[in-house]
Amino acid sequence: MQESERSRRLEALRVQYVARLHDDLQAVMAQVEEMSTRDHAASGTELEAVCETLQRIADSAGSFGYDALSETCGEVACQVRQWLDGGVLPAPYTLAALQPRLQYGAEQLPSLDDLLPAHAKMAQRETASVRVALLGDEPLQRRALGEALSALGYVCNEYAMHDVDALVAWQPDAVLIDESSVPRSRWSAWWDEWPSPPHLLVFGGEDDFAARLSAIRHGAAGYFVPPLDASLIDRCLDRLMPGPTPEPLRVLIVDDDAELAEHYHLVLDGAGVDSWVVNVPAEILVALREYRPDLVLVDTHLPACTGREMASVMRLDDTWRDLPVVYLAAGDDVREQALTRSGDAFLGKPVDDDALVATVLSHAHLARGSRRWVARDGLTGVLTYTALQELLDVEFARAQRSGTPTSLALIDIDHVGALNAHHGHASGDYVIRLLAEHLTQQLRFIDHVGRYAGGAFCVVLPHCSPEDAQRAIERIRLQFQSQTHTINDRGDVGVTFSAGVAGLHDAASVEAGLDAVDQRLYRAKLAGRNRVLGNGDE
């Protein structure tokens with residue numbers, strides 16, 4: 001992993017941790033304050049919960065640079081632990097004395113308002129070195145898009161058609177051409193004469209097949225129609241520009257010829273592909289579980305079985321049913337059998353090194369990409385409804401086994417129908433993508449977001465009580481409503497959402513848990529929208 005990517009992930013983790021820490025501290029301080037106002041001592045169970053929370057903070061805060069907070073929480077946890085071990089239940093006024101110490105610890109944390117902008121800047125990957133030229137004869141359009149991309153970390157310059165010499169001299173990494181002000185007939189000849197042009201993206205043109213086909217023939221790598229969505233352009237640029245080095249592809253080589261298998265291994269290694277050699281077919285199942293390859297390279301002639309039989313045995317396990325298999329064999333008859341029974345590709349022996357690399361790369365990349373997106377919603381990138389249902393079953397079973405709290409939140413954008421009616425259907429898709437990105441950025445790494453229906457999302461929060469989940473979703477709601485978005489150049493539009501929160505761990509079934517959050521979401525809508533209802537709002 002590159003150092004820049006490691007730094008970005010560490011900063012993202014720190015922001016996420018601080019957000020959670022604010023919630024944890026407020027919860028434990030509220031609990032201590034409530035116990036200190038009683039006319040009787042707190043119970044041992046309540047004190048144990050306080051002690052565990054404080055000790056968890058003490059054990060982790062120092063790793064993120066908050067040593068004073070770690071020390072304070074550790075001292076208070078130690079005090080509570082001494083009471084518990086000594087069988088002493090402190091009087092309310094004794095607990096009240098802990099509040100100033102906890103407040104001091106909380107003051108050592110930065111506010112989320114101060115921290116989130118810095119994180120947002122880090123989360124822009126390493127786009128600051130990516131130079132984007134915007135070409136068009138409409139200044140306001142260029143400026144609006146340039147400001148949006150600059151906010152995402154790109155270095156942007158604006159040019160009119162009479163400035164194209166200056167544009168070329170600047171040597172941008174990508175050029176975005178506004179076809180609403182510069183028709184293709186004006187820019188195409190100039191572009192075609194550019195010896196080594198950068199990436200070309202076109203926006204503002206016609207929304208039809210012919211316009212897209214013509215743009216592709218002129219070398220366009222991206223095509224965008226109004227209303228413009230800077231996040232989509234950002235994704236396109238991210239795909240085109242070199243980014244952090246991805247995890248190498250993994251190939252399992254099954255061949256009883258040790259030297260030949262080693263040759264394949266070295267050839268693939270030279271192409272940046274990781275591989276693991278298995279010389280005994282009986283070891284294939286263990287290798288699959290331990291190595292989890294993207295593709296299996298199989299000799300059709302193996303001791304004790306054929307390559308086709310080995311692939312069939314492998315695919316008896318649903319985990320490997322869709323794993324690509326590339327056969328290595330000689331003879332047309334073997335080729336026909338391989339392609340019609342369990343195989344995805346065939347290479348004849350002797351295998352050409354270039355053909356080996358090309359075949360492995362194409363099939364392994366396709367398989368990895370398919371696994372990544374098959375469970376992802378095309379519009380938002382979050383889990384599809386089907387994948388969400390499977391996840392809910394898994395998390396419900398885990399919560400039942402472990403007894404740990406798991407919460408659900410059902411979130412729905414307010415007035416998305418009216419937004420579509422006033423600004424067009426694309427505007428609704430735009431805000432749906434915005435909310436999906438906001439949720440995935442602000443929730444913990446262990447939380448899951450799935451597309452439920454239309455502008456609705458279901459969030460699964462493992463190891464999280466309904467009360468903590470409600471606080472987290474409320475924080476996200478406040479952040480989201482504070483943002484404004486320009487849609488179709490008609491001014492800034494504010495978007496809000498409503499949500500219901502409930503526990504999955506104490507529900508009778510997944511369906512019962514979903515019904516609970518759905519009912520709370522419904523009541524939130526009836527109560528005026530833009531609110532989060534949970535257990536205490538019955």
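This is a predicted model: local features need pLDDT of at least 70, side-chain atom pairs count only at pLDDT 80 or more; totals for chains, interfaces and linings use all residues.

Modeller: Residues are numbered from 1 along each chain as its sequence is written, and side-chain values use heavy atoms, without hydrogens and water.

Colleague: Why is the aromatic pair of Y159 and W170 called tilted?

Modeller: Rings of Phe, Tyr and Trp (its six-membered ring) pair if their centres lie within 6.5 Å, with planes under 30 degrees apart counted as stacked, over 60 as edge-to-face and the rest as tilted. Y159 and W170 are 6.3 Å apart centre to centre, with 50° between the planes, so the pair is tilted.

Colleague: What makes the pair of W191 and W194 edge-to-face?

Modeller: The planes of W191 and W194 stand at 70°, with 5.3 Å centre to centre; the angle is over 60, therefore the term applies.

Colleague: Why is W194 called buried?

Modeller: Buried means under 20% relative accessible area (exposed is over 50%, partly exposed in between; 1.4 Å probe, protein chains only). W194 has 12% and W191 has 4%, so both are buried.

Colleague: How do you know that strand β3 (residues 174-178) and β4 pair?

Modeller: Two strands pair if DSSP finds at least two bridges between them. β3 and β4 share 5 bridges in the parallel sense, so they pair. Within β4, F203 is the bridge partner of D178.

Conventions
Helices (H or I, at least four residues) and strands (E, at least two) are DSSP runs, numbered from the N terminus.
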